Each structure stands twice: as C-alpha cells, then as structure tokens.
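Here are my notes on this model, point by point. Please read them with the coordinates open.

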Amino acid sequence: MIQEFKKVWKQYTIGMLWLLGLLWPLLGIHSDGTMTFQTTFTVWTYILAGSFVCLMIYVIKGSGSLKFVADPVSRAAGNIKTTSTALPTWIWLAAGLIVALIYPQFADRYGTDVAISVLLYICLGLGLNVVVGLAGMLDLGYIAFYGVGAYTYAILNTVYGLGFWVCLPLSALTACIAGCIVGYPTLRMRGDYLAIVTLGFGEIIRIILNNWMELTNGPNGILGIKSIGIFLPVFENGFTFEHFWMKKLQLFYYFALGLAIVAAICVHRLNFSRVGRAWESIREDETAAELMGVNTFIYKLLAYAIGAIFAGLAGAFFAARMRFVSPESFTFLESAMVLCMVVLGGMGSIPGIILGVAALIALPEVFRQFESYRMLIFGATMVIMMLFRPAGLIPAKRVGTRSEEKEG
Amino acid sequence: MSIQPILELKDVHSGYGSIKALKGISLKVMPGEIVAIIGANGAGKSTTLMTICGIIKAEKGEIYYAGQLINKVSAEKLPTMGLCQVPEGRRIFPRLTVMENLRLGAFHRDDIDQIMKDIQHSYEMFPILGERKKQQGGTLSGGEQQMLAIARALMTKPKVLLLDEPSLGLAPIIVQQIFDIIAQINKEEGVTILLVEQNANLALHAASRGYVVETGEITLEDEADVLLSNPKIREAYLGE
Amino acid sequence: MEYFIQQLINGITLGGMYALIALGYTMVYGVIQLINFAHGEFFAAGGYVGAIALGYFSGIGYMETHPVICLTASFAMAMAYCAYLAVGVEKIAYKPLRKESRLAALLSALGMSIFLSNGLMLTQGVYDKIYPSELFQGRFDFGMVTISYLQIMIVSLTACLLVGLNLLVFKTKIGMAMRATAQDKTMSALVAIGSNRIISLTFAIGAGLACAAGIMYGLYYGSVRYDMGFVPGIKAFAAAVLGGIGNITGAMLGGLIIGMVEIFGAGYISGEYKDVFAFIILIGVLYFKPNGIMGENIDDTRV
C-alpha cells in the first residue's frame with residue numbers, strides 16, 4: 001500500500017512545499033520592513049492537516065481498506081441504478097414532480113427561497129445548454145440575455161405600467177432579438193473566437209446597463225418593480241375574479257417550477273427533433289454538416305435565439321420577484337456560474353443540469369457561515385470536480401460518441 | 001543465436017482506451033537489417049510503432065531496445081537513446097523552416113559543430129532541402145516533406161529508425177526515390193530499419209524479413225523472398 | 001494636437017501593459033489550446049508581490065538609498081514568484097485535464113481564477129494596497145504634453161521584455177522547441193522534446209510577463225486590488241484574440257491596439273464607455289477577419 005501510493009505522497013509533499021513558498025511572501029513580509037513566519041506556518045498547518053485527512057481517505061479508499069464501507073455503498077448505488085433503469089422513466093418523473101409540488105409545504109421561508117433560485121438557474125442552465133451543449137458554441141456572455149429580460153420588464157413596468165403577463169412575452173422577445181444581434185456577427189467565428197466575442201457582448205450589455213442613466217438608472221438599478229399580478233376566483237359575492245399581487249413566496253415557487261418544467265420539456269423535445277439533430281451535426285463537425293445540407297446559419301442563430309428566450313423569461317421572473325434590478329446581478333461571474341452548472345452537471349443532459357444547479361446553489365448555502373471563504377471553496381470545488389468528473393456528474397448519452405473515436 | 005536483437009517485442013498489448021489495437025505482438029529486429037511490417041488498414045501497424053516509441057503505453061508485454069526494457073521510458077527519452085520514428089503523415093512542423101525542422105531533430109544534442117555538419121550532410125543527401133532551407137515546412141510538397149522527415153529523423157543519430165508508411169500519398173517515381181534512400185541509409189550509415197507499409201510489394205523488396213499483421217496480431221513471419229512468393233500474401237496484399 | 005499626442009503616449013503606456021498580459025494568454029493558448037482564465041490572477045498576484053517587495057524595501061529604508069536596485073529586485077522577485085505560482089497551477093489544475101475536453105480545462109481555469117483572486121483577498125485584505133509613491137515623481141514637459149519618468153520607465157521596460165521574448169522564441173533552441181510543441185506535441189516527443197517541460201516554461205514566461213505588467217499597473221495607478229486581474233485580463237485576452245490567438249507578434253500588436261482604442265475612446269468619445277470600445281473593435285475586426293489580424297487558420301475544434 002505504501003509502495004503503491006508513493007507517487008501520490010511524493011506529489012503531495014511537493015505540492016505542500018510549493019504552497020508554503022506561495023503563502024509566505026503574502027503573509028510573512030510586511031511593509032514596515034519585518035519578516036514573520038508565525039502566521040504563515042499556522043495557516044499552512046491548517047491546510048496541511050485538512051488536505052492530509054482528505055488524501056488519507058482517498059488513499060485508503062484506493063487501496064481497498066475501506067471495502068467494508070465502500071462495498072455496501074457501491075452495492076446500494078448499483079441497486080439504485082438497476083431499479084432506476086428497471087422502472088419506467090415516467091415513474092421517476094412523477095415522483096420528482098410530486099416532491100417538487102409538495103416541497104414548499106414542508107420547507108421554511110429560507111428553504112423555499114433557495115429552491116426558487118435553484119429553479120431559476122435550472123431555467124437559465126437549460127437555455128445555455130441549448131447553445132453550448134446542443135449546438136456546441138461556447139457562450140461566455142449568456143447572462144446578458146437574462147439581464148435584457150429583467151430590464152425589459154423593469155422598464156416597461158416602472159415607466160409604462162405594463163403588467164407582468166404582458167411583459168413576459170415581450171421580455172422573451174427582446175432577449176430573443178438581443179440573442180440574434182449577438183448571434184449574427186459571431187456566426188462566422190468558431191471555437192474560442194466565439195467565446196471571447198460572446199464575452200465581449202456580455203460585457204458591452206452590462207456596461208450599457210451600468211451607464212445609460214436615463215433608461216436604466218445606472219448602477220443604482222431600478223426600484224419599485226411591481227410583483228406578478230394574478231386573478232384569483234373569489235366566491236364571496238357570487239363568482240368573480242379578484243386581482244392580487246403575488247406576495248407569497250410559495251406562489252413564486254410554483255411559478256418558477258412551471259417555468260423550469262416548460263424549459264425542460266422544450267429542451268428535451270428540441271434535442272430529439274430534427275432541429276436537435278441539426279445542432280448535433282453542427283456540434284460534431286460544422287463543415288460536414290454544411291456539406292450534408294444543414295443550413296448552419298439558421299440553426300446556429302436559432303440556438304442563440306432559443307437560449308436567449310429562456311434567459312429572457314427567467315430574467316422577467318427575476319425582476320418580478322426581487323422587485324429590483326441592477327447591473328450587479330449580470331456580471332461575467334454569473335455567466336461563468338451558469339456555464340459551470342451546465343458543464344458540471346453534464347452537457348446536454350437535463351437531469352445532469354438539474355443536479356449541477358442544485359450542487360452549485362446549495363453548496364455555497366452550506367458554507368454560509370464561512371462567508372469569506374465561500375468563493376474560495378467554490379473555486380477549489382470547481383477545479384476538483386473537473387479533475388475527478390471532467391465529463392460532468394450525469395454525462396449525456398449522445399454527447400462525445402464521435403464515429404472516429406468509436407472505430408479508433 | 002549469437003547476436004542479440006536490437007529491438008524486441010514480447011507479447012505486447014496496447015490500445016486506445018477500451019479499444020484494443022494490439023493483441024499480443026511479438027517481433028525481433030536484428031542490428032543492421034531492414035524489417036517490414038505489412039498489413040491492411042487498421043491492422044495495428046502504426047499502433048505498433050507508436051507503442052514502441054512510448055507515445056501509446058503498452059498495457060501488457062515487454063519492449064526491449066538494445067537489451068534494455070523500455071516500456072516505462074518516457075517518449076521523449078527514446079530518441080536520445082537512438083530509437084527514432086518517422087511517423088505516418090510525416091508530421092513536419094508546418095510553420096518552422098526546413099532548417100529549423102532539421103535543427104529540432106538534433107534537439108538533444110549539444111555538439112553544435114557536428115550538428116551543422118550533419119545538416120550539410122542532409123542537404124547533400126537531399127539537395128532539394130538545401131534549396132528550400134529557408135522555406136516553411138508546410139509549404140513543401142509531399143515528397144519533399146517525406147525527405148525532410150527522414151532527414152530530421154537522421155539528425156537524432158538513430159541506431160534504429162522506425163518508418164511509418166513512407167510511400168503514403170506520393171507519386172510512384174518519388175516513392176522509388178524514397179526507397180532508394182532508405183536502402184542507402186541502411187547500407188551506408190548502418191541504421192537498422194523497421195518499416196511499416198501498406199504497399200507490400202515495395203516493402204518486401206526493400207526488406208530482408210517481413211511480418212504480416214492482421215487485427216492486432218502477427219499472423220506470418222518469414223524471409224521477405226519467401227513471403228513474396230507465398231500465394232496467400234500475393235492474393236491478399238499484392239492484388240493477384 | 002497636443003491633446004492627441006498626450007493621448008498617444010498614454011495609449012502606448014497602457015497598450016504595452018495589455019500586450020504583456022496578452023502574450024501569456026496567447027503563448028499558453030498556442031501550446032495547449034486553453035484559455036487560461038487564471039492568467040489575470042497572475043497579473044494581480046504580480047501587482048501584490050511587487051507592492052509587498054517595494055513596501056518591504058522602503059520599510060527597511062533601502063528605497064531612498066538604492067532605488068534602482070530595489071526596483072530591479074522587486075521586479076525580479078515578483079516575476080519569479082508568479083512564474084512559480086503559474087507552474088504549480090498548471091501542474092495541479094490543467095495537466096491532469098490535458099486529455100479531457102477543452103471545456104473541462106476551461107472550467108478548471110475559471111475555478112482556479114476564482115480561487116486565486118479569493119486567496120489574494122483573504123491573505124491581503126479587501127482594500128486597495130497602496131504602492132510606495134515616492135518613486136518616479138519627475139516628468140518632462142513639452143508645452144502641453146507631459147511625459148512622466150514613470151511612463152518612460154514602463155514603456156522602455158515593456159519594450160525590453162517584448163524584444164527579449166521575441167529573441168527567446170524566434171532565435172534560441174528552446175524557443176524553437178516551444179514553437180514545435182505548439183504545432184505538434186506527438187512529433188515533438190519523437191524528436192526528444194519533453195512537452196511537459198516546455199509547457200511549464202511557457203506558463204512561467206507568460207506569468208512573469210503578466211507580473212511585470214501588474215507591477216507597472218500598480219506603479220502607474222498607485223494601488224492594486226485583489227480583483228484587478230479580471231478586467232485587464234479579459235481586455236488582454238481580447239487583444240490576444242484580436243492579433244490572432246497563438247501568434248506572439250499578433251498579441252503585441254493587439255495589446256497596443258486595445259490600449260490605444262481605450263485611451264482614445266475615453267479621451268474623445270466617452271469615458272464611461274471606454275471598456276466598450278475595446279470590445280467593439282474586437283467584434284468588428286473578428287467579423288471581417290475571423291482569425292484575427294495576424295492569425296493563421298486554427299483548426300475547427302469546438303467545445
């Protein structure tokens with residue numbers, strides 16, 4: 001066992017010494033011309049101890065000494081897997097739906113709040129999945145469409161007094177137009193050129209939101225957005241409808257759930273349609289797709305437009321729920337987050353994305369009490385996840401089985 | 001047998017992920033000879049060479065070079081030991097000049113004077129390269145690239161040269177030239193050559209011994225003349 | 001006219017810094033086809049370590065007596081530090097992913113970027129770190145146009161680094177090996193070039209240059225912040241793409257163009273939208289020349 005993991009230990013030792021060398025200049029050299037070693041060593045020892053425990057678990061697991069724990073676990077996992085394939089999919093879907101429907105009855109306010117974020121990000125993740133996972137175009141400015149949707153509702157509502165239900169399709173429409181505007185010039189570009197241009201567009205839209213004082217109120221954002229208005233049947237004096245402003249969190253939850261379900265169904269249907277196959281062919285080999293008669297121009301634009309529509313819908317909902325929008329919510333980091341969720345969960349796979357979103361939203365919530373370490377842990381987790389599961393948590397079945405790879 | 005083989009494979013298995021390309025290849029190359037490996041597309045010829053060179057790791061079996069086990073030696077160490085490959089498709093560095101391509105062949109060597117002499121020697125052997133020494137590798141024609149690839153490999157001062165499909169995509173007259181050069185390298189410089197070819201006729205005429213590979217296994221091995229007169233070979237690989 | 005010349009000088013100063021950062025992006029991309037999102041953090045870390053070193057020297061009082069030695073030493077130390085950081089980052093976060101999809105490596109890079117900038121924040125605090133400002137107070141005045149000593153120092157040092165890098169890449173054996181590795185890693189291994197060493201070297205050089213830019217940035221603007229790597233980072237990446245990613249001369253040119261556009265846009269059109277101009281130029285150029293100004297055709301590899 002010691003022999004087997006000699007390499008691991010050697011690398012670990014080198015890594016830890018490297019870390020010590022990195023930490024000391026940052027923690028140990030002071031501007032008053034003194035050098036200290038105490039803090040560096042304390043911090044380093046903490047990290048050393050923490051990572052040592054993790055590595056120990058990894059090594060013991062690898063060497064098979066944890067069989068008495070790992071075996072039942074893996075057997076249970078295997079059982080779950082066989083049952084999950086044995087039972088028809090609709091049972092799982094129904095079970096998931098029922099859990100989702102009764103969830104707010106059991107969760108507290110905080111829990112429901114987190115769940116709403118999760119559903120919102122599922123919607124965003126599914127939209128981005130159309131662009132990245134299905135059509136294979138790396139989009140680093142996706143959150144801009146979310147911003148466009150949110151600001152459309154915010155402006156139409158505060159300036160023109162339009163209601164949510166009118167604005168919802170309008171938000172989707174403006175986001176869609178924005179998607180086409182971004183999509184059009186980028187259609188000739190491939191690979192990483194596309195990535196930087198979408199990033200650039202994302203930043204441009206954010207900067208415009210930040211600086212166009214007359215329209216968007218700049219960095220201060222727009223306040224006083226009306227919530228979602230709904231008509232509820234009232235039976236007091238006969239049968240009438242009465243107009244309510246949605247205030248209860250649970251109603252928002254159900255709305256978000258509906259949005260996420262619609263998005264999931266759309267993406268699923270699209271994936272297994274003629275359009276989905278066209279996207280797949282563009283993703284795997286654009287030149288070949290073009291030669292086979294796929295109109296790559298239209299389909300790529302369509303991918304942008306559809307991705308943007310989901311973001312626009314989610315954006316309008318976001319504005320209605322927060323009742324406040326500011327450019328702060330639409331930074332590159334958000335785009336990166338959504339991309340992370342998609343890739344972490346498994347590109348092109350809907351259950352994967354749902355899991356990815358849940359992991360990335362829930363994880364920072366768990367570390368809420370270590371507020372300042374949250375993003376540090378988040379970054380480290382991203383790296384570690386990629387190192388261990390580079391294809392995502394639930395990889396899609398149709399991604400990555402290129403013909404040439406199969407034949408070898 | 002008194003002479004040790006300079007290169008020997010014993011039951012080598014390797015592949016790409018779950019796909020097994022080699023299912024137990026065993027072969028011997030004696031110092032100073034030309035050995036040909038022939039076989040159809042996808043039989044595992046190129047994989048054999050890539051496994052010898054350590055680009056693909058052997059999963060099972062042993063590879064001996066000059067009596068030394070080289071399974072675990074990393075790919076970039078082998079050229080310094082005198083084992084060099086001219087890979088399939090030539091793989092010239094397209095945006096480096098002919099001169100730079102040749103200099104890179106001698107990357108591990110520090111004897112600058114000798115390197116310069118060797119480069120001059122390559123230009124004598126392949127006059128066309130001398131004419132184009134300032135040109136980028138990617139702009140050369142297929143035959144010129146093949147010559148450059150061989151010249152570059154010779155810059156490493158190999159004892160054993162592995163050649164992968166030197167005739168691929170070249171006009172017959174160029175192919176003849178290349179094979180003349182191969183024979184010349186073998187005779188004059190004393191370089192042992194392991195040749196992989198689809199063109200069985202050419203390969204077996206150039207070589208002294210041959211191996212036939214089918215779906216990752218050696219199905220036949222013999223003297224080249226014997227293989228050439230083998231009716232099965234004639235039917236399967238020589239189109240008769 | 002004076003205003004124009006003044007802007008030109010400012011633009012060259014800023015563009016030089018962008019060029020230095022862009023080189024790291026373009027070299028790393030050339031060798032392993034990865035957008036190294038953590039590169040901006042090398043720039044920020046460089047700025048911090050430079051500030052720490054300069055602060056230490058002024059703390060022990062060497063700064064007044066030997067300013068040139070202190071500055072040189074600070075640059076050298078910070079660049080070595082960043083090279084050391086980058087090599088480790090590559091080994092931990094990118095090397096195991098080399099055979100996986102490019103998107104996995106990209107996300108690993110993003111994660112690393114978040115990790116590093118938060119690491120800087122935790123060790124150095126959320127507030128700006130002030131650079132010792134007593135250096136380079138002087139300036140030349142030519143009527144309306146002023147050139148500070150600092151600008152001269154920055155521009156000449158940038159020029160030295162750029163020339164040095166060009167010599168290294170195009171004239172030496174190791175540079176030849178770097179270019180060969182970028183073009184064909186398997187073939188490089190077959191001519192005895194160890195690609196791991198070359199990749200480490202590429203990261204080290206790229207980070208060193210970004211670090212130099214970080215210190216210059218700190219000296220020029222007077223302070224550094226833990227999240228300062230992001231915006232110059234993406235602008236420099238834009239510069240690298242503008243010049244044709246993977247192309248070293250292109251990155252230098254792209255950096256200068258982005259710097260100029262930003263300064264002139266801010267000076268003549270609108271200061272608030274200065275970041276927009278860089279991207280508009282980028283999108284415009286890429287629309288008409290999708291492979292950048294000096295780019296060769298890169299292969300069609302997609303995410």
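**Notes on the model**

1. Start with α14(A): 13 of its 14 residues are buried, so this helix is largely enclosed by the rest of the structure. Buried means 20 or more other C-beta atoms within 10 Å of the residue's own, with C-beta atoms placed from the backbone; exposed means 12 or fewer, and partly exposed lies in between. Helices (H or I, at least four residues) and strands (E, at least two) are DSSP runs, numbered from the N terminus.

2. Helix α14 of chain A covers residues 332-345 and reaches 20 Å from its first C-alpha to its last. That is close to the 20 Å expected at 1.5 Å a residue, the expected span being 1.5 Å times one less than the number of residues. Just after α14(A), A:Gly346 has a positive phi of about 125 degrees.

3. This is a predicted model, in which local features need pLDDT of at least 70, side-chain atom pairs count only at pLDDT 80 or more, and totals for chains, interfaces and linings use all residues. Residues are numbered from 1 along each chain as its sequence is written, while chains are lettered from A and ligands numbered from 1 in the order in which they are written.

4. Confidence: ipTM is 0.87 and pTM 0.88. Chain C averages a pLDDT (the predictor's confidence in each residue, from 0 to 100) of 87, and 96% of its residues score at least 70. Check residues 298-303 of chain C, where pLDDT stays under 50.

5. Chain A holds 17 helices and 4 strands. Of its 408 residues, 38% count as buried.

6. Now the interface. In chain C, 51 residues are in contact with 48 residues of chain A; contact means C-beta atoms, placed from the backbone, within 7 Å. α5(C) gives the largest share of chain C's side, 14 residues. That side divides into 35 nonpolar, 11 polar and 5 charged residues. Nonpolar means Ala, Val, Leu, Ile, Met, Phe, Trp, Tyr, Cys and Pro; charged means Asp, Glu, Lys and Arg; the others, Gly among them, are polar.

7. Within chain C, the axes of α2(C) and α4(C) come within 8 Å and cross at roughly 145 degrees. Axes are lines fitted to C-alpha atoms, for helices over the stretch in contact, and angles run from 0 to 180 degrees between N-to-C directions. By class, this contact has 14 nonpolar, 3 polar and no charged residues.

Terms used:
Contact = placed C-beta atoms within 7 Å.
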